[in-house]
Amino acid sequence: MQSQISVLQNRIEQLEQLLEENHQIISHIKDSVLELTENAGGFAGLLAYQGNGSWSFPGGNHPTFLTVLPQDCQFALGNKGQQTDLQMLDVYSLLKFDNVDGGAWKQGFEITYDAHEWDNDPLQVYVVPHSHNDPGWIKTFDKYYQDQTQHILNNMLLKLQEDPKRRFIWAEISFFSKWWDNIDTQKRAAVRRLAANGQLEFVTGGWVMTDEANAHYFAMIDQLIEGHQWMEKNIGVIPKSGWAIDPFGHSSTMSYLLKRANLTSMLIQRVHYSIKKHFSATKNLEFMWRQTWDTDSSTDIFCHLMPFYSYDVPHTCGPDPKVCCQFDFRRLPGGRISCPWKIPPKPITSINVAERANLLLDQYRKKSKLFKSKVVLIPVGDDFRYDNALEWDQQFQNYAKLFDYMNSHPELHVQVQFGTLSEYFDAVYKKYGVSPGSKPPSYRILSGDFFTYADREDHYWSGYFTSRPFYKNLDRVLESHLRAAEILYSLALNHARRFGADSKYPISDYSSLTEARRNIGLFQHHDAITGTSKEVVVVDYGIRLFHSLMNLKRVIINAAHFLILRDKRDYKYDQSSLLLHMDDKRQNHDTLPEKVVIKLESLPRYVVVFNPVEQERPCVISVLATSPQVRVTLIDGNILPTQVSAVWKSPTDMVTDIYQISFVSRLSALSLAVFQLTESFNYRAMVKSNVVIYLRNRDVTVSKKEPFSVKILESSTDDFFIENQHMQVWFNGVTGLMETIKRKDDQQKQKVRMEFMWYGTRSFKDKSGAYLFLPDGEAKAYVSKQAAITRITKGPLFSEVVTFYQHFHQIVRLYNLPGVEGLSLDVSIVVDIHDQINRELAMRLSTNIESGDTFYTDLNGFQIQARKYFQKLPLQANFYPMSTMAYIQDDQFRLTLHAAQSLGVSSIHNGQLEVILDRRLMQDDNRGLGQGLKDNKVTCNRFRILLEKRSASNKVQDSQPVSFPSLLSHMTSMHLNHEVLAMPVTPRPQTVPPIRSWRPLAAPIPCDFHMLNMRTLQSEVISAPGLELALILHRKGFDCGLEAKNLGFNCSTTQGKLSLEGLFQGLDIQSVQPVSLSLLYPTEPFNNSFVSMRPMEISTFRIRLV
């Protein structure tokens, strides 16, 4: 009896545990059912007037549901990750960051060894010659090529052929491809020979050596594919090892991408000096780098961290720069550069070779003591090195003499040679008897990332997370346009082939796509998107981006034109008169876009709208038109709810004759929808928005125009609110800025106070510049000389609050829609600080969320990394890069700040989140740029603020370094980063051919899948489209522990399964080949077309459509 009872007790305990685990999943399902019953209906064609001055969406015939399989919730729940030996957040907690003087190796310690250590196991030394070529920094890309890079590569070709023992590594394909275009077939054949015999190695093989803080994973992958595809087509070699010696801090996203591109090893350099010292002391400079969310070891990649201050010769041969500098033979007396330590190099002769070799070997041995294996890597190079024949001779001939001496003296127990990066890694693997890329027995596993970088003292490189935000924003606009253009072009071209119309299709669009890929790729360089190049170089990048934006708009228009035609036989491409045009224009590369005005005559005007998101999207579409009397209908005649709002040229001046027409529609996934706008004077479904202006005693006149009602409050400072069916947002009547959010399902108001702050810079020694953030203490409140003017617009589709200050104005908009659009606040901040001196403008959100010292930032829009505010570190060390989102949370709430551009972010006090919007700095910060940041533009920073309730906070989960956004949060980010593109049909004398809406998908895509890209691959012929596409899919990891809100579209998850067969309407999939990320390696083929992906994974497929 007793034994049966104890068995039952055990069983009960097990069941209780299972119940606890299921509780979160059940509450998630309950939420979605509740949400359904509340919103049964979604919205129908028209708004219903409720008689009390408010409008509502009547229950229509469009119920939407959210079905998330319980198994799909398990990932975030059960994701304890594999326990790794070195979690970077723990390493940070452990270190003192005390910067003790280490002697010869200033930031390290004294290294000693016993001369007999190598008696039975000789030291193997690989000396790797390299030249770091920035595709733009002090000079433009073209100027560097002309002045230096072409000479480096010309000499490389000659000098490597002089001696088969010589080696050279090259990283930047952008430069290499330009050189390739300028050499003859004989030289090309010689390059292929050198690459094939291992004398010349391509490392990483990306278009550039990408920045890892501000770059978005879409662009990081795109520039990697661009480089790898170029290499495969032209050289016929495949990169094995990653080489990132200059990005200012390193992201684990990069290690994931390299691993998925099938590279076996990687190297990094710019890491905080305290971490270098710690890893040197514990012999952990080489480790297996694993993703925080990885549940097994499939993401592990072998990583080598360089131990010393820099990648130049003085800091790569060993711990003592004054010794190492003597072995940089370009610095021989008589040259242009010398050694700052005042001991010059000497040419190697038979007389001094013994003494010189022993001096150098001592450094090699000391460096080797920091690593586990008896193999040591010695890079020999620097920025734009080896650009003349003399330097090749100086370095290679002098080193050859040293090597010959060392190798011919067995008592030295050393074997030294020129090598490539992969030859070094292969020697390490061989030493341990493991296959390339495998974990050697005693090596540790590390997870986390390497931000924020400091190279000395308290010089943290957190300034560049925000520097030149105008271009950080333009970059993302361009990325969204490139993705849209790639997808539409691929589909249009394949439909045209199917109709036999591909001969009429504009073939030049493919070269526009290639050029845009390369211009965006170039901008991912670690001196471009970072905002750390000279002003003239910034302009060069800006013009390239602007030029590609214009071209991509044309590619999108041409594809849309073909796809919306009812009868494809009507298709005619005429370059001089395009069927469509875009509804926004930029005057040049450094101005904000302006909306195009649609002229309404008696004829109807058509507008085609593209939804770049792979899910259905209920949204508000706004265009400018010449009349307030507009009827908007679908092509089938269905009338759409419309709101007409005034257009303003200043805070209080209304524009005459131009009106904002906003209408609601439900756009299908990746579809082109056609709308008709007609001037109509007796139209009831159109509602004018009302305006209230708070003048706060400012002496300004307000110009009002018919037909809008404007209420002027001369002196009121009463708080006010805007609302939709989900929430009420309260604003401070004095400042015009947000104070609280009251959710309709909650009695309490939640404090979400918005404030603006100034950071100054130090008055002594080093000051902030393009790279560094060196503030003069905590931020001070933004104080305005004059009271702000606030303009409130309320209407049935959206309400917005615009508040004007001297250095910025802020637009907060709330959409009155079910689902994603209505659940967050749309915030735009237009910043202009061009009159400031050494100041940085920040926006701070203060809440009652008990977040403590913990906050979360994304890495490259790909994954979330937990952060802690460390009191032991200076303020500037606690700022981190944010590409798409940052959040704080406690047991009850999570507040996410979504961003459409990369900026620096921190949480300085409990419950706060703050972001630096722009910086104007008058001086250089001594990192080689030689300029401050004085070319500020009027910049629009765009955000979404999302407040979510946590239905089941999980203590265990919260203590993990890994965290995930909710599905709602992922979709909010998608909407913010991929706005709909409106294209008015150009008015023309002849009639518009019959057009219709177009939907590409025959079946829905699961809502945790993102179609990252669908890129037409190049044919064997130069620069023409091939028959194959690269389809890149990303399955997002998400957290079900936040209440499940109805997203406004049918959202279901499928445990990572997606059938490609029958996915595209009117196109069949002829073949599907799973490949490595950059398409260089086939992976296991599969017979059926069912794709199966694990959460967080990115997979590439080579497909052919017919």
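Q: How many Å separate the centres of domain 3 and domain 4?
A: Taken over C-alpha atoms, the centres of domain 3 and domain 4 are 33 Å apart. This is a predicted model, in which local features need pLDDT of at least 70 and side-chain atom pairs count only at pLDDT 80 or more, while totals for chains, interfaces and linings use all residues. Residues are numbered from 1 along each chain as its sequence is written, and side-chain values use heavy atoms, with hydrogens and water left out.

Q: Which domains does the assignment give?
A: Domain bounds come from an automatic or database domain assignment, and here that assignment gives domain 1 (120-456), domain 2 (471-580), domain 3 (756-977) and domain 4 (1009-1105).

Q: How many residues of domain 3 and domain 4 are in contact, and what area do the two domains bury?
A: Contact means heavy atoms within 4.5 Å, and by that rule 21 residues of domain 3 touch 19 residues of domain 4. Buried area is the accessible area (1.4 Å probe) that two parts lose on being put together, summed over both; for domain 3 and domain 4 this comes to about 1,700 Å², with 68% of it on carbon and sulfur atoms. Of the area that domain 3 buries against domain 4, Phe862, Phe964 and Leu967 supply 30%, more than any other three residues.

Q: Which residue forms a salt bridge with Asp1039?
A: Side chains of opposite charge can pair when their charged atoms come close. The rule for a salt bridge asks for a side-chain nitrogen of Lys or Arg within 4 Å of a carboxyl oxygen of Asp or Glu, and across the interface of domain 3 and domain 4 it finds 1. Arg894 pairs with Asp1039 in a salt bridge whose closest N and O atoms are 3.5 Å apart.

Q: Which elements each supply at least two residues of the side of domain 3 that touches domain 4?
A: Helices (H or I, at least four residues) and strands (E, at least two) are DSSP runs, numbered from the N terminus. Strand E44 (939-949) and helix H18 (967-977) each supply at least two residues of this side of domain 3, and H18 gives the most, with 5 residues. The residues of that side divide into 11 nonpolar, 6 polar and 4 charged, where Ala, Val, Leu, Ile, Met, Phe, Trp, Tyr, Cys and Pro count as nonpolar, Asp, Glu, Lys and Arg as charged, and the others, Gly among them, as polar.

Q: How many salt bridges does a search of the whole structure find?
A: The search finds 59 salt bridges, and one of the pairs is Asp142 with Lys178, at 3.4 Å from N to O. This pair links distant parts of the chain, with Asp142 in helix H4 (residues 141-161) and Lys178 in helix H5 (residues 173-181), 36 residues apart.
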